[in-house]
Amino acid sequence: MTFAWYWHLKDKGIALWKAILISWGIAFFEYCLTVPANRSGYTTGWTGFQLKIVQEIISLVIFCIFAVLYLREPFHWKYVISFLFILGAVYFAFKK
């Protein structure tokens, strides 16, 4: 979803309606993978909350790589601290 949502930020000249249609086309393929993965995770015992938290962690890691490599944005130390707090949330979500 990262690429589908943010690719157009680098090319501001594209019409908004075109960016929306292209983004929906890109997102379709990710949904084709995400829906079965969520169903599989849920049927093997993960809760909806756990699935969402893991999905957010994966999205943040991918977005960091995308922002640095594609958007050419700097990665600051404050983002590392933010991730540590989010990882703390993951720990508590999976703690028995």
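Reader: Why is Ser23 called buried?

Author: Welcome! This is a predicted model, and the answer comes from an area computed on it. Ser23 has a relative accessible area of 9%. Buried means under 20%, so Ser23 counts as buried.

Reader: Where does Ser23 sit, and what is Ser23 in contact with?

Author: Ser23 belongs to helix 2. Setting aside its neighbours within four places in sequence, Ser23 is in contact with Ala4, Trp7 and His8. Contact here asks for heavy atoms within 4.5 Å.

Reader: Which residues of helix 2 are buried, and what do they pack against?

Author: Ala19, Ser23, Ala27 and Gly41 are the buried residues there. They pack against helix 1, residues 2-6, and helix 3, residues 48-69.

Reader: How do you know that the reach of helix 2 is close to the expected one?

Author: Compare two lengths. Helix 2 runs over residues 16-43, which gives 28 residues, and 39 Å separates its first C-alpha from its last.

Reader: What makes Glu30 a residue to look at in helix 2?

Author: A kink of about 30° is centred on Glu30. The angle is taken between axes fitted to the seven residues ending at a given position and the seven starting there.

Reader: Is Trp17 buried or exposed, and why?

Author: Trp17, also in helix 2, has a relative accessible area of 55%. Exposed means over 50%, so Trp17 is exposed.

Reader: Why does Thr2 count as buried?

Author: Thr2 is found in helix 1, and its relative accessibility is 11%. The cut-off for buried is under 20%, so Thr2 counts as buried. Leaving aside its neighbours within four places in sequence, Thr2 is in contact with Trp7, Ser59, Ile62, Phe63 and Phe66.

Reader: What are the buried residues of helix 3, and which helices do they pack against?

Author: The buried residues of helix 3 are Gln50, Leu51, Ile57, Cys64, Phe66 and Ala67. Their packing partners are helix 1, helix 2 and helix 4. Helix 3 itself has 22 residues and reaches 32 Å between its end C-alpha atoms, close to the 32 Å expected.

Reader: What makes the pair of Glu56 and Lys52 a salt bridge?

Author: Their side chains meet at 2.8 Å, N to O. A salt bridge needs a Lys or Arg side-chain nitrogen within 4 Å of a carboxyl oxygen of Asp or Glu, so the pair of Glu56 and Lys52 qualifies. The two residues both lie in helix 3, four residues apart, about one turn of the helix. A search of the whole structure finds one salt bridge.

Reader: Why do Glu56 and Lys52 count as partly exposed?

Author: Glu56 has 34% relative accessibility, and Lys52 has 46%. Partly exposed covers what falls between the under 20% of buried and the over 50% of exposed, so Glu56 counts as partly exposed, and so does Lys52.

Reader: Which residues make the nonpolar surface patch?

Author: The patch of about 1200 Å² is made by Val61, Ile65, Val68, Leu69, Phe75, Trp77, Tyr79, Val80, Ile81, Leu84, Phe85 and Leu87. Helix 3 and helix 4, residues 77-94, are the elements that give two or more residues to this patch. Helix 4 provides the largest share, seven residues.

Conventions
Residues are numbered from 1 along each chain as its sequence is written. This is a predicted model: local features need pLDDT of at least 70, side-chain atom pairs count only at pLDDT 80 or more; totals for chains, interfaces and linings use all residues. Side-chain values use heavy atoms; hydrogens and water are left out. The expected span of a helix is 1.5 Å times one less than its number of residues. Buried means under 20% relative accessible area, exposed over 50%, partly exposed in between (1.4 Å probe, protein chains only). Patches are made of residues with over 30% relative accessible area and no salt bridge: like charges are joined within 9 Å, nonpolar side chains (Val, Leu, Ile, Met, Phe, Trp, Tyr) within 5 Å. Accessible areas come from the Shrake-Rupley method with a 1.4 Å probe; for residues, only the protein chains shown count as cover.
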